[in-house]
Amino acid sequence: MKNALTAALLLALAASPVLAADVGTVAPVDTAITLDHAPHPFNVRDLVMMDRVSDPQLSPDGRYAAYSLRSTDYAANKGVNAIYVLDLAKAGAQPVKVVNMEASSPRWSADGRSLYFLAAVNGVTQLWRRGVGDLLGGARRPPTSLAPVQVSHGALDVQAYKLAPDGKSVLLSYAVFTDCGTLACTKDRQDKRAADKATGTIYKKLFVRHWDTWSDGTRNQLYLGRFGANGQLPAEPTLLSRGIDGDIPSKPFGDDSEFAFSPDGRTVYFDVRIAGTSEPWSTNFDVYKVPADGSARPVNLTAGNKAWDAWPVPSPDGRTLYYLAQKTPAFESDRFRIMALDLATGAKREVDPQWDRSPGGMGISADGRTLYVTADDEGQHPLFAVDTVSGKVRKLVGNGEVDGYSLAGSRVLLARNDLKHPTDLYTVDADGKNLKQVTRYNADLLKNAHEGDFEFFTFKGWHDEPVQGYVVKPADYQPGRKYPVAFIIHGGPQGAMTNGWSYRWNPQTYAGQGFAVVTINFHGSTGYGQKFTDSISGDWGGKPLQDLKLGWQAALAKYGFLDGNRACALGASYGGYMTYWIAGVWNQPWKCFVDHDGVFDMRMMYYATDELWFEEHENGGPQFEVPANYEKFNPLDHVKDWRVPMLVVHSGHDFRIPLSQGLGAFTALQRRGIPSEFLTFPDESHFVLKPHNSVLWHDTVNAWLKQWTAEPATPK
């Protein structure tokens, strides 16, 4: 890694984790982390070593919880995924590790006697199964069934899977060349490409690259595999998505929620965006159905809507298909509506027309009367229950963030977190009563790692409309003292800083360094109604800037411990864009800036990014049609007014906001003689995810903040 420094900063490098050189290598961070068991402020080393709970799965009888647990192998610089099972009915029961291998995506068999999961063998991710009788305190099956058994044997990685209701078959997603008739054909072609000494690639359409990956020409396609008498799957399953030029599930973050079996197992539903030549400027996903035996081609059920239709959930009686849909084409942050499709007549209706929230993560009760969804809601991310007939919405679990759940009978298993607690598992009755925490990972760590308390506040923002923000106190807060401030600007921009835990932009990492944190959910944020979210489009540097200014003044007036003379602003993605913007138009209050993967030049951003639909909607069309719109709030045009020291961070595999944006901003800073540093990670994307890189990122950012907010030395 390289880090260029201005001559003006050479004397300040004692506080920096990089070497004192114009072009230097990074000083090594810890090769191993030993957690501090004495009381101490929370820090990034605590953060990266935390156990991460996810993907909760209830057994069919509601008694047992299966879930994924990611621990950190710091020496290997990676996370290690394992699967655990917990007996929810046994007092004092401890989680039991399912298999002694890296594994993910646990799913219960229909009878609850086995767990399926994904794990690699010889470098290829396959589907496995193991009985769980010995784990659950009683041999439910013969001992020979308790060892892990590989059940798929395809030549390619299983991308995602879903078991049929009767347990006789499974949906499998593989990344294939669509003109290949077999999985083996794709593998053979990939092997030949890897062996070819010529490295050039010709592209004839976009996407050339997406998120953090260059296109290799494959598509995620949906297959069905039938279990044989011995529980094994054929090496060549049946292709269901014939003729579909698209990815099932979608790239880069799609999962098994994008396809489903009908209750009788005879029909499969899935969503997909047909690629063609318009994929980068289209959000036109549609929901399809196809016979599970592959006897016919898929049929589009939502062709009339040119916006996003996805995440099919069949009703238990098989008569209705629920899914989520937007109304505005090419607008990824439009409100998702819950739709009900009568499969006999084709009639569609919106279930929740009076609810001004955008739901996701949809599931359905066994009786078909209730849909369960999560949604941003005024700084929280609760679990809601929606009546399928009336559309009435009830909040089941409120404060904090529900980032996963599973249903079985009258019980719900939740993965839940908040600003002071990472994710743990909870159970709650289907009516929202009797919330109970059932795992306590990281409890010993947090007992010693002191965090800052937080408080939400509301103020009059743009046009006197109510706007919400929150403040986090320093971990060492003492009444009567004033503290430097980290003013964090969230990304999206259609997102929010919520009462949730993060492993990237976590306010507690700043609170632990002695900073107070202030953040504002400005116009454009989610969870405050669709009109509020829509209001940022075409006005990136307008209403949000006013909210940030007014929110900053409101926080200073309300919280006397904030030192307004020792404050730095920092943000990523849109937050990085806004940091570049305020560097030119609102730089007076700030001692420094930190900009992570921000947009520096709106014009070139349009031509260099991957997902063009976002740029076109936010700016009212392509740059070549409406160039003035891209100039209206372009940070590049205000470089002449930059004056505040800035740390720029940008990574080599960020194809959403490419590296040249950060390099351009650093060039501007250096050319103007403004104290500045540039930190780059050639192996990271829009996010910094590797443990060692995360530690370096936080150490560099914290050193920069401390350098520029240090109190003046007291004369002797």
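Which helix is the place of Tyr-607? Before the close-ups answer that, please note that this is a predicted model, in which local features need pLDDT of at least 70, side-chain atom pairs count only at pLDDT 80 or more, and totals for chains, interfaces and linings use all residues. Residues are numbered from 1 along each chain as its sequence is written, and side-chain values use heavy atoms, with hydrogens and water left out.

**View A. Tyr-607 sits in helix 8, residues 602–608.** Helices here are DSSP runs (H or I, at least four residues), as are strands (E, at least two), numbered from the N terminus. Tyr-607 counts as partly exposed because its relative accessibility is 45%; buried means under 20%, exposed over 50%, and partly exposed in between (1.4 Å probe, protein chains only).

**View B. Gln-661 belongs to helix 11, residues 659–671.** With 3% relative accessibility, Gln-661 counts as buried. A polar atom of the Gln-661 side chain lies 2.6 Å from the backbone nitrogen of Phe-600.

View C. Two strands pair if DSSP finds at least two bridges between them.

**View D. Four bridges join strand 22 and strand 23 (residues 320–325) in the antiparallel sense.** Look here for Pro-314, which stands opposite Leu-321 in strand 23.

Methods:
A polar contact is a pair of N or O atoms within 3.5 Å; within protein, one must be able to donate a hydrogen and the other to accept it, and residues adjacent in sequence count only if both atoms are side-chain atoms.
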